[in-house]
Every structure is written in structure tokens, then in C-alpha cells.
Amino acid sequence: MHTTFTIQTHGPGLSEITRDVAAWVADADLDEALLTLFIQHTSASLLIQENADPEVRTDLTAYFHRLVPPTTDPSMDYLTHTYEGPDDMPGHIKAALLPTSLQIPIIGGRMSLGTWQGIYVVEHRDAPHMRRVIALLR
């Protein structure tokens, strides 16, 4: 069983998709399975992270921006892939550092996430994008 989620991002940051994925899993009516999520992009990632305090998302976004700044930052002047904008190559680097797929056990018909865990699409580009996440239950 599979589906594709289309996620509208709003520029750099984490967009939570936990509810949408949980609803799809519940509709699948499977007691036990393995959920695989895969994002079809090279400048966005998937992440399981705390979903209770929004400051965690803000701090993660700020940290990754500081870790890999845009190509206009003097510390990034060694990069050559710059024709798609100053955020493009840094987006690829961030996507290389963060996962592009996740696996989550389904037990009792529900995702086995921890109490404070949520599933996020992490947008690494400055502009909003439509991102596709493939979900597969086996």
C-alpha cells in the first residue's frame, strides 16, 4: 500500500506532517507494518523531532543556517554550484546531512512514535516549495 503526500513548505524550516501520515496509516487498517517515508527532492529532508515546543523547530532552522550559510557568506566562497541561487547548494549540503527517508514501525494500527515526536519535512530553500513524500506500508 502506498501514497504520495504533497506538502507546501513556506521557506526554510520544519513543516509537520504527522497528522496527515497518521490518518493515512489509520485508514490502512493494518495491525503491524513498517512505514517507509521518502522525500523526492535534493534540497529538502525528512526528520523525526520534538513537536511539543515550536522553539525546537526555530532553533534547528537557525542552527542549520549557521552550519551551512548561503553562498553569499564569505565562508562559502569555495562553492561552485551557485547559478540556482545562494540557497541552492547549501540546501543540497543540508539534505546530504539529514535523512531523506524514515522508517517507523506500525504496531496496533498506529505509528510507534514517542510522546514528543513528530514527522517533519525540512525545507532548505528560501522560497516556498511543493514537496512530495512517498509513503509505503509493508
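Residues are numbered from 1 along each chain as its sequence is written, and side-chain values use heavy atoms, with hydrogens and water left out. Because the model is predicted, local features need pLDDT of at least 70 and side-chain atom pairs count only at pLDDT 80 or more, whereas totals for chains, interfaces and linings use all residues.

Helices (DSSP runs of H or I, at least four residues) and strands (DSSP runs of E, at least two) are numbered from the N terminus, and two strands are said to pair if DSSP finds at least two bridges between them. On this basis, five strands form an open sheet with antiparallel pairing, in the order 1-8-3-5-6. Strand 1 (2–8) and strand 6 (110–111) stand at the edges, where each has a single partner strand, so one side of each is left without a neighbour in the sheet. Strand 1 is joined to strand 8 by seven bridges, the two running antiparallel, and His2 has Leu136 in strand 8 as its bridge partner.

Strand 3 (32–39) pairs with strand 8 (residues 130–137) through five bridges in the antiparallel sense, with Leu37 standing opposite Ala135 of strand 8. Strand 3 also pairs with strand 5 (residues 101–107), again antiparallel, over seven bridges, and here Glu32 has Ile107 as its bridge partner. In a regular strand the side chains alternate between the two faces of the sheet. In strand 3, the covered face carries Ala33, Leu35, Leu37 and Ile39, while the uncovered face carries Glu32, Leu34, Thr36 and Phe38.

A salt bridge is a side-chain nitrogen of Lys or Arg within 4 Å of a carboxyl oxygen of Asp or Glu, and by this rule the count comes to three. Arg125 forms one of these with Asp87, the closest N and O atoms being 2.9 Å apart; this pair links distant parts of the chain, since Arg125 is in the loop between strand 7 (117–123) and strand 8 and Asp87 is in the loop between helix 2 (54–67) and helix 3 (88–97), 38 residues apart. Arg125 also forms a salt bridge with Asp88, with closest N and O atoms 2.9 Å apart. Asp88 lies in helix 3 and Arg125 in the loop between strand 7 and strand 8, so this pair ties together parts that are 37 residues apart in sequence. Arg125 and Asp88 are both buried (under 20% relative accessible area, with a 1.4 Å probe and protein chains only; exposed is over 50%, and partly exposed is in between), and Asp87 is buried as well. Through shared partners, salt bridges join Asp87, Asp88 and Arg125 into one network. Arg131 forms a salt bridge with Glu123, the closest N and O atoms being 2.7 Å apart, and both residues are buried.

Two further residues were examined for accessibility. Asp31, placed in the loop between helix 1 (18–28) and strand 3, counts as exposed because its relative accessibility is 52%. Gln49, placed in strand 4 (residues 44–50), counts as partly exposed because its relative accessibility is 25%. The C-alpha atoms of Gln49 and Glu16 are separated by 9.5 Å, although the two residues are 33 residues apart along the chain.
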